Amino acid sequence: EKMQPGYNPYTRHCMYGLDADLIILGLVSHEPHFALLREEVVYGGRGSSGTSRLRSAEETTFLLLSLSLYREYINLEFVELQQQNLLSYDYDLERILDDW
């Protein structure tokens, strides 16, 4: 879609799921505005009868992970290599994310 005429690079994306692989999927999409929405996982939530109970929407805590911010943190970690002249090639965060 990025190659289509009229593509808006400011499009924002949000994906819902509990799978940790979604973090990597979001990063390698190379979309600058990407967020993950997930439910907080609570272990040991069994009632007194030993059966697990479903939480209501009001009891559910949602977490929002901004992959844009996460990309900035990754960049801060790896840009040191360039600043210390340890690279024999041009520094490119997108390539680092692909290799990661």
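Modeller: Before we start, a residue is called buried here if its relative accessible area is under 20%, and please keep in mind that this is a predicted model.

Biologist: Fine. Which residues of α2 are buried, then?

Modeller: In α2, the buried residues are L67, S68, R71, I74 and V79, and the elements that cover them include α1 (21–28), β2, β3 and α3 (93–99).

Biologist: And over the protein, what share of residues counts as buried?

Modeller: Of its 100 residues, 19% count as buried.

Biologist: Let's step back. What order do the elements run in from the N terminus?

Modeller: The protein has three helices and three strands, and from the N terminus they follow the pattern β-α-β-β-α-α.

Biologist: How are the strands arranged in the sheet?

Modeller: The three strands form an open sheet in the order β1-β2-β3, and their pairing is mixed. Because β1 (13–16) and β3 (62–66) each have a single partner strand, they stand at the edges, and one side of each is left without a neighbour in the sheet. From one strand to the next, the twist averages 25°.

Biologist: How many bridges join β1 to β2?

Modeller: Four bridges join them, with β1 and β2 (residues 34–39) running parallel, and within that pair Y16 stands opposite L37 of β2.

Biologist: Back to α2. Where does it lie relative to the strands?

Modeller: Helix α2, residues 67–83, lies across β2 and β3, and its direction makes an angle of about 50° with β3.

Biologist: What span should α2 have, and how far apart are its ends?

Modeller: The 17 residues of α2, at 1.5 Å a residue, should span 24 Å, and since its end C-alpha atoms are 24 Å apart, the two values agree. The expected span is 1.5 Å times one less than the number of residues.

Biologist: One more thing: at what angle do α1 and α2 pack?

Modeller: They pack at an angle of about 80°, with 10 Å between their axes, which means that α1 is roughly perpendicular to α2.

Biologist: Which residues make that contact?

Modeller: On the α1 side they are I23, G26 and L27, and on the α2 side L67, Y70, R71 and I74; L67, R71 and I74 are also among the buried residues of α2.

Conventions
Residues are numbered from 1 along each chain as its sequence is written. This is a predicted model: local features need pLDDT of at least 70, side-chain atom pairs count only at pLDDT 80 or more; totals for chains, interfaces and linings use all residues. Side-chain values use heavy atoms; hydrogens and water are left out. Two strands pair if DSSP finds at least two bridges between them. Helices (H or I, at least four residues) and strands (E, at least two) are DSSP runs, numbered from the N terminus. Axes are lines fitted to C-alpha atoms, for helices over the stretch in contact, and angles run from 0 to 180 degrees between N-to-C directions. Contact means heavy atoms within 4.5 Å. Buried means under 20% relative accessible area, exposed over 50%, partly exposed in between (1.4 Å probe, protein chains only). Angles under 35 degrees count as roughly parallel, over 145 as roughly antiparallel, 65 to 115 as roughly perpendicular and the rest as oblique.
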